[in-house]
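Trainee: I've got the model open and would like to go through it with you. Could we start with what you mean by a touch between residues?

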Amino acid sequence: MRSIIIVFFTAISMHACAQSSWNMQQCMQYAVEHNHDVKCAELDLDNYKASRTGAIGSFLPEVDASTGIQYNFGRAINPNTNIYTDVNTFSNGYSVNTSLSVFDGFNRLYALKAAKAGVLMGRHALRLQQDQAALNVLTAFTNVAYYERMVEMAAEKLEETTLLLKQTRLMEEVGRKSLTDVALVESQQAEANYELTRQQNLYASALLELKKEMAFPIDDSLAIEVGVGNACLVEIPHQGYSQEHSDLQKTHYQMLSSKHEWYRARASLYPSISMNAGISTNYNKDLHDKDALSFNRMFKSNLGEYVSASLTIPLFNRLQTLTNIRKAKNNYIKARETYEQKQLELEKLSREAWQDWLAYQKQTRQMEKKVEADSLSYQLMRRKYEEGLSNPIEVHTTSVQLLNSKATLVQCQLMAMVKEQLVRYYKGEKIWIE
């Protein structure tokens, strides 16, 4: 029974350790949820929504109320008689006013359209920032995976060199190898030990970069798992980028917002009409007059209302309107040029990603064959060395060649994975899981 319990808890521990490893999608998801630039983009989107709310509110009437209290001491104007007096007085006024812009050259309409375009631009900017955070994590994750594999290969190389050194010393004792051979293998072991330390340091630096891109606690441990399958050449035609790509859509709505801002600037040339209405009353009292009217009677007797309409025709404002129109038009033309440039850029980047993807798949298949050939060459050279038909330099040369081939193979496999994600990204697919 005790052995069953031990096996049970051991299995649970192994399962927990397996769950503690992070795959690429989990790292991307964590980065999208915790990245600081993404949070800033969310706040920018909220600001765009607030601007849209303000633009909608500009169509509503403006209402304000005011009140005031005034004491007059010494020589002052009597509010009841409107003449100077030396009597101390108290006055209290109330007013409610409302105004509504009837026509403003469609200024508010274009402001609302620009604000709506701004919200859409903010949404695509947020998506773009999320994608960028995921792509940054993808690059950092690939570097960690590469250096992790390099550490493993360097450790294997050190272990092989250590065994070779032990074997060479035994062979030197029986007279089959010389002290020079022993010294050469010792040098190779020191080199392998140095290479392992260097790769471990590069791995640690890459892991720190990944944590930074993920906004992951630096002091917490982070283990990753990489799934790199065998190369399978996928011959597909280039489909180009998606018109719904977040970067392109962001630029499109930025251009649309600039266009509405240009129209809004031109609206300043038109006259404006507004309606105003209000109600006001006041209470005045001579502090020494005992027969003054009560507050209620004076409040009602002084009550007054007004309704007015105003027409404003712009004539000359020192060329400020024309200057604003010119700047707004230039901003719209710049945004349009940026949009067209973004189309060309995405077409270039999507085609490059597709070409690189196919190239790395081919290179992976070629490097797999080279690794097999170099592995066979190393094994044969190692056998010849054991039989005394080769020297340590030849063994070292074939070993380094095999190690370089394995490193290149890992690099091609990882880069093929990265380029595949980029192809999906430019096609408009989401490369991270929400």
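Mentor: By contact I mean heavy atoms within 4.5 Å. Before we use that, note that this is a predicted model, in which local features need pLDDT of at least 70 and side-chain atom pairs count only at pLDDT 80 or more, while totals for chains, interfaces and linings use all residues. Residues are numbered from 1 along each chain as its sequence is written, and side-chain values use heavy atoms, with hydrogens and water left out.

Trainee: OK, what does T168 touch, leaving out residues up to four places away in sequence?

Mentor: T168 has contacts with K177, D181, V182, V185 and Y385. T168 itself is placed in helix α4, where helices (H or I, at least four residues) and strands (E, at least two) are DSSP runs numbered from the N terminus.

Trainee: Is T168 buried or exposed?

Mentor: T168 is buried, at a relative accessible area of 0%; buried means under 20%, exposed over 50%, and partly exposed in between, with a 1.4 Å probe and protein chains only.

Trainee: And L210, where does that sit, and what does it touch?

Mentor: L210 belongs to helix α5, residues 179-214, and is also buried, with a relative accessible area of 0%. Setting aside residues up to four places away in sequence, L210 touches V137, A140, F141, V144, L222 and I224. L210 and T139 lie 8.5 Å apart in space, C-alpha to C-alpha, although 71 residues separate them in sequence.

Trainee: Zooming out, how many helices and strands does the chain have?

Mentor: The chain has nine helices and eight strands, and buried residues make up 34% of its 434 residues. Among contacts between residues at least 6 apart in sequence, 82% join residues at least 24 apart.

Trainee: Let's look at α6. How far apart are its end C-alpha atoms?

Mentor: The end C-alpha atoms of helix α6 (residues 246-266) are 30 Å apart, which agrees with the 30 Å that its 21 residues should span at 1.5 Å a residue; the expected span is 1.5 Å times one less than the number of residues.

Trainee: Which residues of α6 are buried, and what covers them?

Mentor: The buried residues of α6 include L248, Y253, M255, H260 and W262, and the cover over the buried residues of α6 includes α4 (107-173) and α8 (320-386).

Trainee: You mentioned W262; what charge sits over its ring?

Mentor: The charged end of R266 sits over the ring of W262, 4.9 Å from the ring centre. The rule asks for NZ of Lys or CZ of Arg within 6 Å of the ring centre and within 35 degrees of the ring normal. K430 likewise lies over the face of W432, at 4.6 Å from the ring centre.

Trainee: On to rings with rings: how many aromatic pairs are there?

Mentor: The count is 14 aromatic pairs, where rings of Phe, Tyr and Trp (its six-membered ring) pair if their centres lie within 6.5 Å, and planes under 30 degrees apart count as stacked, over 60 as edge-to-face and the rest as tilted. The rings of F103 and F106 have centres 5.5 Å apart and planes at 85°, so this pair is edge-to-face. The rings of Y110 and Y263 have centres 5.4 Å apart and planes at 55°, so that pair is tilted.

Trainee: Last topic, salt bridges: how many does a search of the whole structure find?

Mentor: The search finds 17 salt bridges, each being a side-chain nitrogen of Lys or Arg within 4 Å of a carboxyl oxygen of Asp or Glu. One of them joins the side chains of D104 and R108 (3.0 Å, N to O), and both D104 and R108 are buried.

Trainee: Which helices hold K419 and D356?

Mentor: K419 is in helix α9 (residues 392-426) and D356 in helix α8, 63 residues apart, and their side chains meet in a salt bridge at 3.5 Å, N to O. K419 is buried, with a relative accessible area of 15%, whereas D356 is partly exposed, at 29%.

Trainee: What about D374 and K370, how are they placed in α8?

Mentor: Being four residues apart in helix α8, D374 and K370 are separated by about one helical turn, and their side chains form a salt bridge at 2.8 Å, N to O. D374 is buried at 8% relative accessible area, while K370 counts as partly exposed at 33%.
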